[in-house]
Amino acid sequence: MPTYKARAIIIKPYKLGEADKIIKMYSRQGQMIQAVAKGSRKTRSRFRGRLELFNMIDMELSRGRNLDIINQAEILHAFLKIPRDFYRFVFAEIISNIILKTQISGDGNPALFKLLYICFTEIDSSEEEDIVTLKKILCFFSARFLQITGFAPMMDSCSRCNKDPGDLYRTIKTNIGFSISHGGVLCRECSAVISSKTQLSASSFRLLSDLFRLKMEDLRDIEVDPHSLSRVYRLIEDYIVFHTGCTVDSFRYLKKIGI
């Protein structure tokens with residue numbers, strides 16, 4: 001069987017039979033890889049500890065008829081703190097599930113691999129039960145995911161009539177309408193006639209804008225109003241579900257427990 005090498009982040013393992021695993025991974029080339037690791041659940045498996053959820057690994061694989069087969073695997077980065085903290089795990093799982101449920105067409109997108117690595121690194125480095133930081137990371141991931149996949153909202157012109165409202169980031173002082181269905185901000189006239197919209201305060205609008213223009217290291221140091229963060233967090237979640245059809249059970253669970 002022909003072989004190939006790949007670097008990937010594990011985003012979903014499944015049990016297969018008595019001793020095997022099916023591993024779903026997102027590769028550096030921006031491809032979903034689904035492969036079987038034979039005997040990986042055995043006590044003395046050569047894969048022991050290497051094929052755990054969220055690990056970044058280098059592999060050698062053989063092409064298979066239905067599933068490729070992992071021959072060798074080496075850990076490049078293990079995000080050890082994520083599985084040890086409930087909240088870190090749930091937020092990392094949300095990110096993984098967004099990738100799993102949207103990247104099934106086979107179109108290569110290497111930028112998503114880099115984004116995945118950056119966000120897992122940030123989650124792994126966060127303090128235990130630091131919900132504010134985890135929300136910021138998830139909002140950052142979601143905004144960049146929307147940019148990379150071509151679903152980013154219109155922030156510089158009205159999403160309904162395309163009117164240029166000027167430099168809102170510097171001049172906004174009152175609430176501004178945002179329509180998920182139209183895909184972005186609304187001018188005053190369009191906001192007045194559309195009922196299904198969200199009203200964003202000036203601070204919420206600036207935070208949403210920052211998510212699309214700042215690097216993670218810059219966003220990390222910004223003081224965020226908790227109310228604005230929660231508002232933007234919910235808005236981005238609803239926006240992703242509406243425009244990608246991606247429903248993530250972890251989102252629903254966090255809502256149930258008030259996060």
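Grid points are joined across faces, edges and corners, and a volume is the space filled by probe spheres set on the points.

Ground rules before I start. I am working with a predicted model, where local features need pLDDT of at least 70, side-chain atom pairs count only at pLDDT 80 or more, and totals for chains, interfaces and linings use all residues. I number residues from 1 along each chain as its sequence is written, and side-chain values use heavy atoms, with hydrogens and water left out.

**Entry: second largest pocket**

I looked up the second largest pocket and got about 220 Å³ of space. Its lining counts 14 residues, and Met-155, Asp-156, Ser-209, Phe-212 and Arg-213 lie nearest the centre. Helix α6 gives the most to this lining, four residues; α4 (168-171) also supplies at least two. (Helices are DSSP runs of H or I with at least four residues, strands are runs of E with at least two, and both are numbered from the N terminus.) By class I get eight nonpolar, three polar and three charged residues. Here Ala, Val, Leu, Ile, Met, Phe, Trp, Tyr, Cys and Pro count as nonpolar, Asp, Glu, Lys and Arg as charged, and the others, Gly among them, as polar.

**Entry: helix α6**

I followed α6 next. It covers residues 202-213, and its 12 residues reach 17 Å from first C-alpha to last. That is close to the expected 16 Å, the expected span being 1.5 Å times one less than the number of residues. Nine of the 12 are buried, meaning under 20% relative accessible area, with exposed over 50% and partly exposed in between (1.4 Å probe, protein chains only). Ser-209 and Phe-212 are among the buried ones, and both also turned up nearest the centre of the second largest pocket.

**Entry: strand β6 and its partners**

I then checked β6 (residues 176-179). Ile-176 and Phe-178 point one way, Gly-177 and Ser-179 the other, and all are buried. Strands pair, by my rule, if DSSP finds at least two bridges between them. β6 runs antiparallel to β8 (residues 198-200), with three bridges joining them, and Ile-176 sits opposite Leu-200. On β7 (residues 184-185) the pairing is antiparallel too, over two bridges, with Phe-178 opposite Val-185. The β6-β7 hairpin has four residues between its strands, and Gly-183 there takes a positive phi near 90 degrees.

**Entry: largest pocket**

I put the largest pocket at about 330 Å³. Of its 16 lining residues, Leu-168, Asn-175, Ile-176, Cys-187 and Arg-188 are closest to the centre. β6 and α5 (188-193) each supply at least two residues, and the largest share, three, comes from α5. The classes come out as six nonpolar, five polar and five charged.

**Entry: cysteines**

How many disulfides does a search of the whole structure find? I got zero, taking a disulfide as a pair of cysteine sulfur atoms within 2.5 Å. Cys-187 is in no disulfide either, the nearest cysteine sulfur being that of Cys-190, at 3.6 Å. I have Cys-158 down as buried at 1% relative accessibility, and Cys-187 as buried at 7%.

Notes: On a 1 Å grid over the protein atoms alone, a cavity is a set of points where a 1.4 Å probe fits but cannot get out, and a pocket is an open set with protein on both sides within 12 Å along at least five of seven lines; lining residues have an atom within 4 Å of a point.
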